[in-house]
Amino acid sequence: MYRGFYISANGMINQQRIIDIISGNVANVHTAGYKADTSINTTFDERLILVRGKNNRTGNITYRTQEIVRADLEQGSFEYTGSRLDMAIRGNVYFNIRPYSKLYEDDGEVLLTRNGQFNLDEEGYLALGSAGRVIGDDGEPIFIGTADFSVMEDGTINTEDGRTFRLQLTYVDSNEDIEKKGDNMFVNITGTNDIPEGEDYRIIQGAYERSNVDITEETIDVLAAQRLFEACSTALSAIDSINQRAATEIASMR
């Protein structure tokens, strides 16, 4: 019965974690540049369970546990707005943003994002809302000062008064792991500013990337997780009832 308790509880915990992940994805379905989280599970064949002070092996039962949560880096669809300040990326590269809190540090933190809903801040720098300023290939924030500019496919920015900048872009392979910071910002773990030769990417002005959450798939997954959670809960209740009955019958025999 202890084994049954453990299996049922283990199943409930895993399914609740999956439901929590799906809830986060659904909540960010309209967050630009958001990358859906996925649950990576693993199994272990034998575990020691403490029963009455003794370590008892579980035999050949295979248990499942959630090891990590990983972001799905698949590209989302584009929303075409026509705004000069909106930019989308086709390919495995990311915009670089320096948070406002790190602007004046020599080795200030730089975050990655696929959210290209940019604006001009009060000082005229290209920025991502309150998150921070967009970084150029010289490592400095890009001062544009005007919304009258054009962006080339390679990330070169040309202003009406003849100034030229280039976006700093970081390559991250779609199969790599990436650490989230907030909803649509990422810490650069394995990315490189040296984009591999032949890598196909384009910057598209007048559009931004939507979340890559597939609401239909998430709905199917959450229904499946809820059913499994309920099944494990029912099994746990049944085992508890059997234990109570067994305890009562044993007590009546004394």
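I take buried as under 20% relative accessible area, exposed as over 50%, and partly exposed as in between, with a 1.4 Å probe and protein chains only.

**Basis.** I am working from a predicted model, in which local features need pLDDT of at least 70, side-chain atom pairs count only at pLDDT 80 or more, and totals for chains, interfaces and linings use all residues. Residues are numbered from 1 along each chain as its sequence is written, and side-chain values use heavy atoms, with hydrogens and water left out.

**Salt bridges.** I looked up the salt bridges (a side-chain nitrogen of Lys or Arg within 4 Å of a carboxyl oxygen of Asp or Glu). I find 11 of them in the structure.

**Arginine 163.** I note a salt bridge from arginine 163 to aspartate 161, with 3.1 Å between the closest N and O atoms. Aspartate 161 is exposed at 53% relative accessibility, whereas arginine 163 is partly exposed at 26%. I also record one network, in which salt bridges with shared partners join Lys35, Arg114 and Glu209.

**Arginine 133.** Its salt bridge is with aspartate 121, the closest N and O atoms being 2.7 Å apart. Arginine 133 lies in strand E11 and aspartate 121 in the loop between strands E9 (119–120) and E10 (126–128), so the pair ties together parts 12 residues apart in sequence. Strands (E, at least two residues) are DSSP runs, numbered from the N terminus. I find both arginine 133 and aspartate 121 buried.

**Aspartate 148.** Here the partner is arginine 84, with the closest N and O atoms 3.8 Å apart. Each residue lies in a loop between strands, and the pair ties together parts 64 residues apart in sequence. I list aspartate 148 as partly exposed at 26% and arginine 84 as partly exposed at 42%.

Terms used:
Helices (H or I, at least four residues) and strands (E, at least two) are DSSP runs, numbered from the N terminus.
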